[in-house]
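Hello,

Here is the structure I promised to pass on. Please have a look at it first, and then read my notes below.

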2 protein chains.
Amino acid sequence: MPLDLAAIRTAHDRIRPYIHRTPVLTSARLDAASGGSLFFKCENFQKVGAFKARGAMNAVLALDEATARPGVVAHSSGNHGAALARAARLRGITAQIVMPSNSSKVKVRAVEGYGAKVIFCEPTAAARVATCARVIAETGATLIHPFENEHVMAGQGTAMIELLEDIADLDVMLCSVGGGGLLSGTAVAAKSLRPSIKVIGTEPANASDAFQSFQAKRLVALETTDTIADGLRGNIGAPNFEVFQRYVDDIVTVTEEGIIAAMREVWETLKIVIEPSAAVPYAAILEKKVDVRGRRVGMIFSGGNIDLDALPWVKR
Amino acid sequence: MPLDLAAIRTAHDRIRPYIHRTPVLTSARLDAASGGSLFFKCENFQKVGAFKARGAMNAVLALDEATARPGVVAHSSGNHGAALARAARLRGITAQIVMPSNSSKVKVRAVEGYGAKVIFCEPTAAARVATCARVIAETGATLIHPFENEHVMAGQGTAMIELLEDIADLDVMLCSVGGGGLLSGTAVAAKSLRPSIKVIGTEPANASDAFQSFQAKRLVALETTDTIADGLRGNIGAPNFEVFQRYVDDIVTVTEEGIIAAMREVWETLKIVIEPSAAVPYAAILEKKVDVRGRRVGMIFSGGNIDLDALPWVKR
């Protein structure tokens, strides 16, 4: 199945009863400060607190009956795990989520709260892959990869359809890159519906594999990354990079200080809670990595799940 | 001018171009936890970050030309000062805000940011009154009291009109009490539009002058109060207490721990930023001071202005 506008529209029709249509916020103050007109699509208000609810729901609903029956499995230390657990419960099938043994209790409880079985493994990529493979061999469950999955990408792209329904005449679209599921769906939807739009990926400089890959025109993987934007630490997937090369205009990077400042400014000004990964596009504006003056600029606040005991601006 | 539904409707027509119609949020999770159906009117998203924008705007617009010309004055260490400054600027008149000399820089900058002149005084009630009196004598400015003012009360009541337009069949309405401006306007609007509704004031136990007054059926003033809900530290006004005796069904109190827990739960679940004073009605539900099981319950999140460097759950 190719990732195209038709696939994203199909996903939207399929998942609509199970997700929120999230609001688009604006701020006269942030417009004045930036010189642009900014439109914030609030996926922090989405089910499970992140856009991940869209892609996981689409992937689970797209399974045929026989494939669905033994359930689904994924490795995730974050929002995809909760989203897949919720989607499986809504379809009435089992979800098994492989999580690193050092996962925070809050995240483990969130996944268990949606009725999934949590399987712990050593916090290494090798252990994660091996554990998933074992679960699949033992149970016949289907792997739902967090971003290297066409149905997941198509589901993530549905937020962009909604944003353009609400604000038709965007000049620029900013979107964070972790594994690349959101940027893939967003770029295909944006360019298909509005070919003149510029789609710019935004990424922490401390986890800049997408930026480096885009510059080098080949997939660059990083051994270690260290950013407060915990949803963006992983490397991009190969199918996602293929989409970027065709549909994304540019990728820019931001500093850790910029991410923290952006997150704080959003909390203070818009009075909403967003997680560090969600603040990355606005950080690109703050750090003048993107020229927004006189332009109509959309961005997705990707999620709102953050440990309120560990806020980055609090001196301890 | 009596405080009645007509006055609140007049206020609403007058201020509508200058305020946000704020959204009403719901949460399946908080409904399940409480056993009721909860409707949160989000005045944290209001202009200046608090419902105070409504009352101040109405009071400033209600002045006749000659009275308005020398400007307005108020004492305020919080949201009313910013709201009055904004309202005066929109009408093109001067605002002078008397603030205690120990006010936080953030609050002083907010008021100055709206173009008002800040006049510092000693942090005592006597100095505040004397300083306001001096400004009035010297400049002819009109005092806009933060709650003992019929136009301010009528303006605050406009949020309740909007809430009942959105959710017509509320059984119970919860509303915080500081000076009593919001509860006055809310109670009159609620009981006039829907006589069967129960209107319950919610107050910190550490600043329970409204509760004590309501029990004693006479105005009880407290010398000192100490609550994290900084908008609710003052004593209620005499005209406000008159309104309560006629329109309010009950007043309940909550603990400091309850306020902090309620605020945190709202941030985590609804992904929005509310200030401690705004969390007091939900704290009353958490602490089971109000029985909401099977009932449709409205409440106003009164504001979202909080110092992100001093969050109460962060251990230092």
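B:Leu25 stands opposite B:Phe40 in E2(B). The two strands involved, E1(B) and strand E2 (residues 37-42) of chain B, pair in the antiparallel sense over 2 bridges. Here two strands pair if DSSP finds at least two bridges between them, and helices (H or I, at least four residues) and strands (E, at least two) are DSSP runs, numbered from the N terminus.

Before going on, a word on the source: this is a predicted model, in which local features need pLDDT of at least 70 and side-chain atom pairs count only at pLDDT 80 or more, while totals for chains, interfaces and linings use all residues. Residues are numbered from 1 along each chain as its sequence is written, and chains are lettered from A and ligands numbered from 1 in the order in which they are written.

Back to chain B. Its open sheet of 6 strands has the order E1-E2-E10-E7-E8-E9, with mixed pairing. Strand E1 (24-25) and strand E9 (250-254) of chain B are the edge strands, each pairing on one side only. Helix H9 (residues 158-166) of chain B lies across E1, E2 and strand E10 (296-301) of chain B, running at about 135° to E2(B). Helix H10 (residues 181-193) of chain B lies across strand E7 (172-176), strand E8 (198-204) and E10 of chain B, at about 165° to E7(B).

The axes of helix H3 (residues 52-62) and helix H5 (residues 79-91) of chain B come within 8 Å and cross at roughly 40°. That makes H3(B) oblique to H5(B) (angles under 35 degrees count as roughly parallel, over 145 as roughly antiparallel, 65 to 115 as roughly perpendicular and the rest as oblique). By class, the contact of H3(B) with H5(B) has 9 nonpolar, 2 polar and 3 charged residues (Ala, Val, Leu, Ile, Met, Phe, Trp, Tyr, Cys and Pro count as nonpolar, Asp, Glu, Lys and Arg as charged, and the others, Gly among them, as polar).

Now chain A. Its open sheet has 6 strands in the order E1-E2-E10-E7-E8-E9, and the pairing is mixed. Strand E1 (24-25) and strand E9 (250-254) of chain A stand at the edges with a single partner strand each, so one side of each is left without a neighbour in the sheet. Strand E7 (residues 172-176) and strand E10 (residues 296-301) of chain A run parallel, joined by 3 bridges, and A:Val172 stands opposite A:Val297 in E10(A).

Which residues of H9(A) are buried? They are A:Thr158, A:Ala159, A:Met160, A:Ile161, A:Glu162, A:Leu163 and A:Leu164. With 7 of its 9 residues buried, helix H9 (residues 158-166) of chain A is therefore largely enclosed by the rest of the structure (buried: 20 or more other C-beta atoms within 10 Å of the residue's own; exposed: 12 or fewer; partly exposed: in between; C-beta atoms are placed from the backbone).

Finally, the contact between the chains takes 16 residues from chain A and 16 residues from chain B. The side of chain A that touches chain B has 8 nonpolar, 3 polar and 5 charged residues.

Best wishes

Technical notes: Two residues are in contact if their C-beta atoms, placed from the backbone, lie within 7 Å. Axes are lines fitted to C-alpha atoms, for helices over the stretch in contact, and angles run from 0 to 180 degrees between N-to-C directions.
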